[in-house]
Amino acid sequence: MSVVLFILNDAPYGNERAYNGLRLAGTLTAKAGVQVRVFLMADAVGCAKAGQKVPEGYYNVQLMLGRVLRKGEVALCGTCMDARGLGEADMVEGAQRSTLAQLADWTAEADKVLVF
């Protein structure tokens, strides 16, 4: 099994880095023999905020993250969450508060690391 780690740093809206990273991660979850992990840090922790409402016709990163969560893993930098006043109750179901130590483990275990 191939392990692909995505590290997202940018806010969910304002540019398309998080959108493109989640789009690729979601597509990879459909591939046999690929394990997808997404680590959200800095402003990207906002991608996992529950209850997002976007204008009609606009992409919704919460829904995109849900696609990844169905077959992959999503972790959030706990320090980054704290800095932005986000608690575990604010996050989508399945996304886990995490640490830099876990990111280090995931990086060491990954066959590929993609940073957005």
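The paragraphs below go through a predicted model, starting with its sheet and ending with its aromatic pairs.

The sheet is open and has five strands in the order S4-S3-S2-S1-S5, with parallel pairing. In general, strands of a sheet pair through backbone hydrogen bonds, and the pairing may be parallel or antiparallel. Strand S4, residues 96-98, and S5 stand at the edges. Each of these two has a single partner strand, so one side of each is left without a neighbour in the sheet. On average, neighbouring strands of this sheet are turned by 25° against each other, with direction ignored.

The bridges can be followed strand by strand. S1 and S2 run parallel and are joined by seven bridges; in this part of the sheet, Val 3 stands opposite Gln 35 in S2. S1 also runs parallel to S5, and four bridges join the two. Here Val 4 stands opposite Lys 112 in S5. Leu 40 has Leu 76 in S3 as its bridge partner.

S2 and S3 are both mostly covered. In S2, five of the seven residues are buried, and in S3, four of the five are buried. In soluble globular proteins, nonpolar side chains tend to be buried together. The largest nonpolar core of this model has 39 residues, and those with the most contacts inside it are Val 38, Leu 40, Val 74 and Leu 76. Two or more residues each are given to this core by S1, H1, S2, H2, strand S3 (73-77), helix H3 (78-83) and helix H4 (100-109). The largest share, six residues, comes from S1.

Apart from its neighbours within four places in sequence, Leu 40 is in contact with Leu 8, Val 45, Cys 47, Ala 48, Leu 65, Val 74, Ala 75, Leu 76 and Cys 77. Leu 76 in this list is also the bridge partner of Leu 40 in S3.

Helix H1 comes next. The end C-alpha atoms of H1 are 17 Å apart; at 1.5 Å a residue, its twelve residues should span 16 Å, which agrees. H1 lies across S1, S2 and S5 and runs at about 165° to S1. The buried residues in H1 are Ala 18, Tyr 19, Gly 21, Leu 22, Ala 25, Gly 26 and Leu 28. An α-helix has 3.6 residues a turn, so residues three or four places apart point the same way. The buried residues of H1 pack against S1, S2 and H2.

Ala 110 belongs to the loop between H4 and S5. Is Ala 110 buried or exposed? With a relative accessibility of 15%, Ala 110 counts as buried, because the cut-off for buried is under 20%. Not counting residues up to four places away in sequence, Ala 110 touches Val 3 and Leu 5. Leu 65, a contact of Leu 40, is 45 residues from Ala 110 along the chain, and the C-alpha atoms of Ala 110 and Leu 65 are separated by 20 Å.

The last topic is the aromatic rings. A search of the whole structure finds six aromatic pairs. In one of them, Phe 6 and Phe 116 are stacked, 6.2 Å centre to centre and with 20° between the planes. Phe 6 lies in strand S1 (residues 2-8) and Phe 116 in the segment after strand S5 (112-115), so this pair ties together parts 110 residues apart in sequence. Phe 6 counts as buried at 0% relative accessibility, whereas Phe 116 counts as partly exposed at 24%.

Tyr 13 and Tyr 58 form another aromatic pair, this one tilted, at 6.0 Å centre to centre and with 35° between the planes. This pair also links distant parts of the chain, 45 residues apart: Tyr 13 is in the loop between S1 and helix H1 (17-28), and Tyr 58 is in the loop between strand S2 (34-40) and helix H2 (61-71). Tyr 13 is partly exposed, at a relative accessible area of 26%, and Tyr 58 is partly exposed at 42%. Ring pairs link Tyr 13 and Tyr 58 with Tyr 19 and Tyr 59 into a cluster.

Technical notes
Residues numbered from 1 in each chain as written. Predicted model: local features only at pLDDT ≥ 70, side-chain atom pairs only at ≥ 80, totals over all residues. Heavy atoms only, no water. Phe/Tyr/Trp six-rings, centres within 6.5 Å; stacked < 30°, edge-to-face > 60°. Buried < 20%, exposed > 50% of the residue type's maximum accessible area, 1.4 Å probe, protein only. Expected span 1.5 Å × (residues − 1). Contact = heavy atoms within 4.5 Å. Core = buried A, V, L, I, M, F, W, Y, C linked by side-chain atoms within 4.5 Å. Pairing = 2+ DSSP bridges. Axes fitted to C-alpha atoms, helices over the stretch in contact; angles between N-to-C directions.
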